[in-house]
Amino acid sequence: MPARPEPPGVAPVAPAAGLTEHQAAERLAEHGRNDLDGGRHHPLRDAVVHQLTDTVVVVLLLAAVLTAAVGDATDTAVILAVIVLNTALGVGQELRSGRALAALAAMTAPHATVVRAGVARDVDAAEVVPDDLLRVAAGDIVAADAVVGSAEALQADESMLTGESVPVSKRSGDPVFAGTVVVRGHADATVTATGRRTRMGGIAHTLGEAGVVATPIQRQLAVLGRRLAVAVAVAAVVVGGLDLLNGRSLEASVVLAISLAVAAIPESLPAVVSLALAMAAHRMSGRGVLVRRMAAVEAIGSITVLASDKTGTLTEGRMSVAEVWTPDGTADARRRLLHAGVLCNDACLGADTAPAPRDDPIEVALVEAATRDGIDVPALRAAWIRVAEEPFDAALARMTTSHRAPDRSLVEIRKGSPEALLPDLPGAAAAADAAQAFARDGYRVLAVTTSAGDGRHIAGLVAFRDPARSDAGAFVNAFRTAGVRPIMITGDHQDTARAIAGAVHIEPDDVFARVHPEEKLAIVTGLQGQGEIVAMTGDGVNDAPALHGSDVGVSMGARATEVARQAADIVLTTDDLSALIPAIGEGRRAFDNLRRYLHYALGGGLAEVLIMVIGPLLGFAVPLQAGQILWVNLLTHGLPGVAIGNEPAADDVLRRPPRPPREPLLDRSTARRVAVLGAVIAASCLAVGEWGRYTDRPAQSLVFVTLTFAQLAAALLLRPRGTAVRANPMLPAAVALNVMLVILAVAWSPLRELLHTAPLTLTEFAVALLAAGPAAAAAFAQARSPRA
C-alpha cells in the first residue's frame, strides 16, 4: 500500500515511535477533531420557521393578523391557539431528525491508546489524528480508520459496517475501520483517516445529506393545504364582498370573511392527525412495534413493497449442519470429520460449551453437530492440545491449527472454502462435485483437510444451512394478501437466496442476492422511482442509509445497532417480521379515519360557505354571525373530529390492496361525497331559515342550531359499516356533549349575548332536529357505499 503523503511542513514520522506531541497538535489543527459532528441538524429556530411556512398555517396567521387589526381579540386568540398547538407538534418531530448522526458519534471509541514519541498513552478518541500510531487489543473499539503494521492473531468484528457476522482476520497492510471492534489479538496500526473522512464518516455524510423522506400523508396534506387555501381565500372574498353590498361596514365584513375562512379550513386537522396517529402508535406498541416518527404510522399502511433481509428475519438466524460428505461415506469417517471440525475451531473454547456472543456461527454449528453425535467436545480438545494456529485468513479462505495427538504425533487441520483447500489433493474431483451439488441446493459448504506424517488428506465436506422460519411462509402470504410485495435483499449466494425464497413463498424475481451494503439504498431508490412505497428492514450501521432513505425504515429486533434504530421510523422489539402485518392494518385504519374526518369536516365547511354565499341571494342579510360560525366550528370539528380519528378498522383492512401511491387524500370520489353532504346540509339549513323568516321566528338562530345538529348527525352516521357503539364510545359521547352546548348557546343568556343568538321554543328545536334528517340520511348512505 503506498505511503500516505505527509501534510506540508510536517516531518516524516518513524512508525515505531509515532508522532510527537507537536506533530499531533499540528495535525489536529489541520484535520480537526476525530468525531462525526458537522452533519445537518435542524436547530429549533429552523424547525419553527419550517412549521410556520406551511400553507394552512400561513392562511391562519394571515387570519390572525386581520382579526387583530379589526380589534377582534377573541377570534385572534382562538386562531393563535390553533397555530401554537400545530407548530409545537411539528417542531417536536423535526428535532428528532438528527439523532441518527448522534448515535453514529456515540459509537466511536471514547478513548484510544496511541504511541507518541515512543511512549504509549491513553487519549480522548477525538484527539486521534492522521499518522498517529494506534495500539489496539481485544475488546477495543477502533478509534479511526488505520492500516495494520505489526499484528498478532488480530481479528475484528466489522458486522456493523458490512453486515457479515464472521470476524475478519487482519494482517500487516490490511485496513481496520473506525467503530469496529477488536475481538481477538492485538496490533499497532497507522491512522489514515479521522472524523468525517472515515468509512463510518461516509455513512454519516450520507445520512446528513439525505433529507427526511416525506410520507404519503405528509405529501398529500401539503397539496391539500395549498388547494384549500386558494378555495377558502376565494370564498372569503366573495362572502365579504356580498356583505359589503348588503350595506354592512368594512370592519364587520372583514371579520365575517375571516371567520368564514377559519371555519372553512379544518384547522383541527393537525390535532386530529396527530392524535389518530398517536393512538395507532400506542396500539402498535402493544404488539412489539415501536414508532419513532408518527407519520410512519400511516405510511406503513401505504407500503407496496417490503424489502427484507434474509438472516434472522426470514430464517432462524442460526447456522446448522444439514449434510456431511466424506470420501468413503462411513460413520467413522463422519466422526473423524466432526472431530477435525471442532478442533480447528475457536467457538466454545474451554469447559463451557455455550456459544459466546461473538463466536463464528459456522464454528458454533460444527460444535453443536458434534455434540449431537455424542462427541464430548471439551474432552476432545483437552486430549488434542493445540500447539499452533493460523486464524482464518480471508485472502486464503482458510484457518489452520496444529495439535499434539494423544499418541504424541503432530496433526495439522485446515478448514475453509472447497476452492481453496481441495485442488491437488487425492479425491479432489469427487469432493468438488459434491461441493457443487450442495451449493446448488442452497447450502454453504466448508471443506476440512488433515495432514499428518503421510501427507494431506480430505476429511470431508460440511454443508450448512440457516433454515427458514417455520412461520415465514405464512406471514409472507399475509403480506401478499394485503397487497404488499415482499422482496429479499441478501449478500448470500444466489442459489442459497433462491432456496430460502422458495421455502417462504417469495417469487424468484423478487430476490436480490450478492448485494453489497452500499447497494441497498440504490435498490430502495430504484423502487421508489418506479412509484413504489417501500419499507426497508435492517439492523446494522451499513443499513442506516437505506433505512433513512426508504419510505418506512424498520429496525429489526434486539440485534439492531443504535444507529439503525435512530435511522429507522419503526423499531421492532423482536425479529418477528409478522408484527408488521397488524401495523399495516393500523396504518390503513388511520388513513381511512383521516379521510373520513376530511369528508365530514369539509362537508360541514362547504355547507357554511354555501349558506353564507346563497343566503344573501335569498334575502338573508347575514345568515350567520362571525361568532356563531366559530362556535359551530369549535363544536363540530373539536371532540367529534378527534373521536372520528379513533374509529375501528374496516373488516377488509388487511384483505385489500394498498391505495395507489399517487392517490390524493381528497380523491374525486371523496370530493363528490363532500359536495353532496355540504349541499344537503346547506339546503336543510337555508330551508329552516326561510321557514323562520316567513313565520317571524329567529331565523339566524334556527340556521345556527340546524347547522350544528346536521353536522353532528353526519358525524354519527359516517361511521364504518357494522360499527358498534362500544367500539368507539368517544364519538356518541362527544356528539351528546356538543348537542347540550349548542342548546346552551341559545338558552343561556351570557352565551346568547356573546354569540348574538335568540332563545328557541321546543317546536323550533324540533324543526331544527328534523331538518338534520336529510344530512343524516346522506351520511348514512355514503358510509355504506362501496368506496366508504
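Buried denotes a relative accessible area under 20%, exposed over 50%, and partly exposed the range in between (1.4 Å probe, protein chains only). The structure is a predicted model, in which local features need pLDDT of at least 70 and side-chain atom pairs count only at pLDDT 80 or more, while totals for chains, interfaces and linings use all residues. Residues are numbered from 1 along each chain as its sequence is written, and side-chain values use heavy atoms, with hydrogens and water left out.

A search of the whole structure finds 23 salt bridges, each defined as a side-chain nitrogen of Lys or Arg within 4 Å of a carboxyl oxygen of Asp or Glu. The table lists three of them.

| Salt bridge | N to O distance |
|---|---|
| Asp592–Arg656 | 2.6 Å |
| Glu647–Arg719 | 2.8 Å |
| Arg697–Glu764 | 3.0 Å |

Asp592 and Arg656 pair through their side chains. Asp592 belongs to helix α22 (residues 580–618) and Arg656 to the loop between α24 (639–644) and α25 (668–694), 64 residues apart; helices are DSSP runs (H or I, at least four residues), numbered from the N terminus. Asp592 is partly exposed at 21%, and Arg656 is partly exposed at 21%.

Glu647 and Arg719 also form a salt bridge. Glu647 lies in the loop between α24 and α25 and Arg719 in the loop between α26 (699–717) and α27 (730–747), so this pair connects parts 72 residues apart in sequence. Both residues, Glu647 and Arg719, are buried.

In the pair of Arg697 and Glu764, Arg697 sits in the loop between α25 and α26 and Glu764 in helix α29 (residues 762–771), 67 residues apart in sequence. Arg697 is partly exposed at 29% relative accessibility, whereas Glu764 is buried at 4%.

Key. Helix = DSSP H or I, 4+ residues; strand = E, 2+ residues; numbered from the N terminus.
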